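Me: Could you take a close look at how the helices pack in this model, and then follow the account out to the parts around them? I would like the cut-offs spelled out as you go.

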Amino acid sequence: MRTSTVRHSASALALLSATALAGQVLAQEAEPGAILTPERVFSSPSLNGPVARGVSLSPDGELVAFLRSREDDVSVQDLWAVPVDGGEPFKLIDARALVPDAGELSEAEKARRERMRISARGVVEYAWDQQGRYILAPLEGDIFLAERDGGAVRRLTETEADEIDAKVSPDGNYVSWVRDQDLVVYNLATGREMAVTTDGEGLITWATAEFIAQEEMDRDTGYWWSPDERHIALQRTDESTVDIIPRLDISGGGATVIEQRYPRAGRPNALVDLYVADIETGERVKVDLGDNPDIYLARVAWSSDGETLYVQRQSRDQKTLDLMVVDPATGQSRVILTQTSDAWVGLTHNFRPLPDGRFIWSSEENGWRHLYLYDRDGTLIRPITTGNYAVKSLDGLNPATGDVFFTASMRDGEEYPIEQQLFRASLNETMTPVEVTPRGGWWSASVNARGTAYVGNYTDLQTPPQSALYRIDGTRVRWIEENRLDESHPFWPYLSRRQTPTFGTLQSHGETLVWQMTTPPGFDPSKTYPVVMQVYGGPSGGGVKVGWQPATSQLLTEAGYIVFRLDNRGEGERSARFKQALYLKMGQPEIEDQVLAANYLRSLPYVDDDRIAIMGWSYGGFMSLMALTEPEMGLAAAISGAPPTEWGLYDTHYTERYMSTPELNPEGYAASDAIPRLENMTGRLLLMHGMADDNVIFENTTRVLDALQVRSLPFETMLYPGQRHGIRGNERGLHQWRTYLDFLDRTIGSRSPAAQD
């Protein structure tokens, strides 16, 4: 029996009603202008304007570096820098000048970039040394080093093999990278390479995060320099235990069978060991990770003095997370702190060793993720933050004052999910957090090592993404990319037809769900409109926020659709209870909440009850299939992109975190399988997938194609040769959205049967 009700929350989220009213007025007062088209959205220059990505402050605080897309090709990035004290931005590394003809990336680098969700070419990542003398930038498989003084760019490698995961050592004496599954260290003074490992081949790989770590654990590296440059901790991965899942990599030029090592739920993982290599002696010791090899190497970090290695070890069922201290000379280890949960213990990047041996770590064992200060032996000293909100990230520390900086979605000590700010707390006392950035939008920040300044990235409903350098008191020092929305901005011709979203809340099982809605230009509440529900729905999603909306949403409103999005239970960085609502039953509470949203939409006089569709990709594709086959949703159409259609086909770390194993939770797995539900489809289906997807394997879609055909159920399909989990490039993106709009027009739009009645 459903216990959800449709009403607005009386909490701090009630402030949304004022925002909603303001949004309605702005939408009605908008003057007509240029109509945005798919052709313009997927062309250069980007409608988002000059957005700086990967912004970082040099260690000495004098220079800010960032990545910027080229105006002549938004898919290629260059490395730029701007002086803090004044002066114009200048280009440090011109990707096209150094590598005019970008070649084909290796399969390993393609996979790594897919895991990191990198779709651009050119300079896609970079790193400073700790003195700020150099910036290291991998570029199309080779390594380049830009010198701070003079701006000279030095090419360190020019090989047929790709050098990946390149780093500058802490004192800037070495550069390291992985080549052909082995770790290499390059001496900048002598120009000589030294092989740290030499036996990486076949199923043995050194210093590279395994598939599971990259895709699901937010760990993109497999090696870590000690602060004194004496040691490197590095992992060894043996994939011989992992099942081979033959995967057809289908491109426009044919098909290749990839013997992919893919650890499906309930099946064996790769064997991961950790070693410490001594750079001076060449010796290597194995770290004692315990007697059980079936664990996850979650996080690795060095103490400030390099005398201790910290390792976070996660149990296979993810209900236990141990913090271990390791002697790098012997590899001996001991557990000093353990976190547990009846559902799962989430991984973060919130561990921070302090110079005096104490450390900061976060936990959500009290129901909300908060920061805590511990003594060197793991004894709790005090909470740093408390309250009914979740700390999303630990962003910086001022060692001199003890100030701690973190990001959260919170107002006056209570969660406020649609906004995000930077806050200040203290190591010295548990205090009410102080707002560093103002309310009213969505902030992310990178605080410098001294805790005296930060690079702030900001957006709101009327402001495209902009970035600036700020003093820690919030005073802006200078713009990095102001991205002013004026007559020179690429989006300016379409601004007057941009509709401002309205926000609101629904209640479900004692939880407050947030939603946003955007109406078409010229919206008339006395008429009825079709609705497109955009959905992700899965863990760590959360798309409802006070931020610049994607141009593709405007394509939908220009086509005459109301665009609606609800963050259901399980979605977003909120309380443990909110997230764990889907534990062992993915696809059930999320769909229940989306039914609640559909019923709310039908309660609005300007919504056409018979013309509601849903669209989503990945977990959102799964949600779209589940929603179309839920009679209570009553949908006219659904677009399902790259959907996991049977969770037993997906990987271990993600699936078992939320669903346990197929053997231990057969009912949950059966209930989330799309195929038995297909007879319940309430409307038309468009199924889409990349034909080289190595994340949500193409089999997830082919099994549904087969089942629909066996049942003689009509549907539509669009497949993308050569594309992996995401559809990359302007040309294919344009095709994708033309396909979306055509399908929606025929099912709920002006060409749909309902529109002709």
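Reply: In this predicted model, the axes of helix H6 (residues 551-558) and helix H13 (residues 730-747) come within 11 Å and cross at roughly 25 degrees. Here helices (H or I, at least four residues) and strands (E, at least two) are DSSP runs numbered from the N terminus, and axes are lines fitted to C-alpha atoms, for helices over the stretch in contact, with angles running from 0 to 180 degrees between N-to-C directions. The crossing angle makes H6 roughly parallel to H13, given that angles under 35 degrees count as roughly parallel, over 145 as roughly antiparallel, 65 to 115 as roughly perpendicular and the rest as oblique. Thr552, Leu555 and Leu556 of H6 make the contact with Trp737, Leu741 and Leu744 of H13, where contact means heavy atoms within 4.5 Å. These residues divide into 5 nonpolar, 1 polar and no charged; Ala, Val, Leu, Ile, Met, Phe, Trp, Tyr, Cys and Pro count as nonpolar, Asp, Glu, Lys and Arg as charged, and the others, Gly among them, as polar.

Residues are numbered from 1 along each chain as its sequence is written. Local features need pLDDT of at least 70 and side-chain atom pairs count only at pLDDT 80 or more, while totals for chains, interfaces and linings use all residues, and side-chain values use heavy atoms, with hydrogens and water left out.

On the H8 side the contact is made by Glu590, Ile591 and Gln594, and on the H9 side by Tyr619, Met623, Met626 and Ala627; by class, it has 5 nonpolar, 1 polar and 1 charged residues.

Helix H9 (residues 619-628) is mostly covered, with 10 of its 10 residues buried; buried means under 20% relative accessible area, exposed over 50%, and partly exposed in between (1.4 Å probe, protein chains only). What covers these residues includes helix H8 (589-602), strand S43 (607-617), strand S44 (637-641), helix H10 (652-659), helix H11 (666-671) and strand S45 (684-690). Both Tyr619 and Phe622, listed among the buried residues of H9, belong to a cluster that ring pairs build together with Trp344, Tyr536, Tyr583, Trp647, Tyr650, Tyr654 and Tyr658. Rings of Phe, Tyr and Trp (its six-membered ring) pair if their centres lie within 6.5 Å, and planes under 30 degrees apart count as stacked, over 60 as edge-to-face and the rest as tilted.

Across the whole structure, a search finds 32 aromatic pairs. One of them joins Tyr389 and Phe406, a stacked pair at 6.4 Å centre to centre with 10 degrees between the planes. Tyr389 lies in the loop between strand S28 (380-383) and strand S29 (391-398) and Phe406 in strand S30 (residues 403-408), so the pair ties together parts that are 17 residues apart in sequence. Tyr389 and Phe406 are both buried.
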